[in-house]
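Please look at the sequence and the structure below before reading on. The briefing after them is grouped by topic.

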Amino acid sequence: MNGLKEKTMSVLQQNYQDVNRAVKQAAEAAGRPANAVKLVAVSKTFPADDIREVYAAGQRDFGENYIQEWFEKTETLADLPDIVWHVIGDVQSNKTKFVAERAHWVHTIGRLKTARRLSEQRPSEMPPLQVCIEVNIAAEEAKHGVAPDEAVALALEVAKLPNIKVRGLMCVAKADSSDDELRSQFHTMQRLLAELNAAGVEADVLSMGMSGDMPIAVECGATHVRIGSAIFGRREQKQKGEGSQ
């Protein structure tokens with residue numbers, strides 16, 4: 001890919017190629033086109049040089065949780081004009097301006113207040129900010145997002161805002177779920193997306209599936225999978241208050 005020969009690839013680049021291949025294989029195994037699922041490489045806590053290596057292998061979509069850390073990366077990687085930044089952590093009110101000015105996607109809209117601030121602070125010359133409503137699919141106290149039965153109503157309100165485009169829904173499945181439990185959670189997301197479309201919001205994104213549950217998420221209709229450790233390796237634990245996922 002992109003002229004990289006396997007013998008000259010770094011470990012990160014080889015990991016990326018392996019993950020990219022696995023995602024395509026999962027799609028094909030589910031009877032979907034190989035290119036039906038977009039890989040978002042979760043680069044939170046990893047240095048800009050690691051992102052640059054994976055970028056060189058062909059990846060363009062990168063996911064970040066921690067806004068201050070991400071700010072520094074956007075400065076360091078400003079020479080990569082086609083990089084696509086996905087915010088996949090909770091956006092606090094005092095961080096919305098930076099997110100509105102530099103993010104391409106926000107997967108974690110769980111409050112109308114946050115969406116309003118992002119809409120107000122999105123520069124008029126930029127395209128609409130692509131967003132997903134975050135669903136707390138397993139009702140876990142430690143996780144952000146709205147209850148499943150509140151997701152469509154929130155999406156309808158967010159969709160009324162200028163400078164924002166509701167693209168779909170996002171979830172983080174419960175970590176200790178069995179395969180059947182994962183399928184149940186992901187199928188609920190499929191149903192909610194259908195309800196959202198039936199309510200009049202043209203939405204096509206299901207952001208779900210990470211390193212451990214990606215094949216089942218793809219089987220259940222994921223359009224975006226967020227994978228970090230399988231590409232970048234194990235990460236150090238961030239201190240409390242800096243987000244989760």
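Both W70 and W85 are buried, where buried means under 20% relative accessible area, exposed means over 50% and partly exposed lies in between, with a 1.4 Å probe and protein chains only. This is a predicted model, in which local features need pLDDT of at least 70 and side-chain atom pairs count only at pLDDT 80 or more, while totals for chains, interfaces and linings use all residues. Residues are numbered from 1 along each chain as its sequence is written, and side-chain values use heavy atoms, with hydrogens and water left out.

**Aromatic rings**

- The structure holds five aromatic pairs, and rings of Phe, Tyr and Trp (its six-membered ring) pair if their centres lie within 6.5 Å, with planes under 30 degrees apart counting as stacked, over 60 as edge-to-face and the rest as tilted.
- W70 and W85 form an edge-to-face pair, with 6.2 Å from centre to centre and 70 degrees between the planes.
- This pair links distant parts of the chain, since W70 belongs to helix 3 (residues 67-76) and W85 to strand 3 (residues 84-87), 15 residues apart.
- The rings of F71 and F98 have centres 4.9 Å apart and planes at 65 degrees, so this pair is edge-to-face.
- The pair of F71 in helix 3 and F98 in helix 4 (residues 96-102) also links distant parts of the chain, 27 residues apart.
- F71 is partly exposed, with a relative accessible area of 31%, whereas F98 is buried, with a value of 14%.
- Ring pairs link F62, W70, F71, W85 and F98 into a cluster.
- R60 lies over the face of Y55, at 3.7 Å from the ring centre; a charge sits over a ring if NZ of Lys or CZ of Arg is within 6 Å of the ring centre and within 35 degrees of the ring normal.

**The chain as a whole**

- The chain has nine helices and eight strands, which are DSSP runs numbered from the N terminus (helices are H or I with at least four residues, strands are E with at least two).
- With 245 residues, a compact globule would have a radius of gyration near 18 Å, and the chain agrees with its 17 Å; the radius is taken over C-alpha atoms, and the globule rule is 2.2 Å times the number of residues to the power 0.38.
- Of the 245 residues of the chain, 49% count as buried.
- Among contacts in the chain with a separation of 6 or more, 60% come from residues 24 or more positions apart, where contact means heavy atoms within 4.5 Å.

- T188, which lies in helix 7 (residues 179-198), is buried, with a relative accessible area of 18%.
- A polar atom of the T188 side chain lies 3.0 Å from the backbone oxygen of S184.
- G200, in the loop between helix 7 and strand 7 (205-207), counts as exposed at 59% relative accessibility.

**Positive phi angles**

- Most residues other than glycine have a negative phi.
- A139 has a phi near 55 degrees, a positive value in a residue other than glycine, and its place is in the loop between strand 5 (129-135) and helix 6 (148-158).
- A139 is exposed, with a relative accessible area of 65%.
- N163 has a positive phi near 70 degrees and lies in the loop between helix 6 and strand 6 (164-171).
- N163 is partly exposed, with a relative accessible area of 32%.

Notes. Polar contact = N/O pair within 3.5 Å; in protein donor to acceptor, adjacent residues only side chain to side chain.
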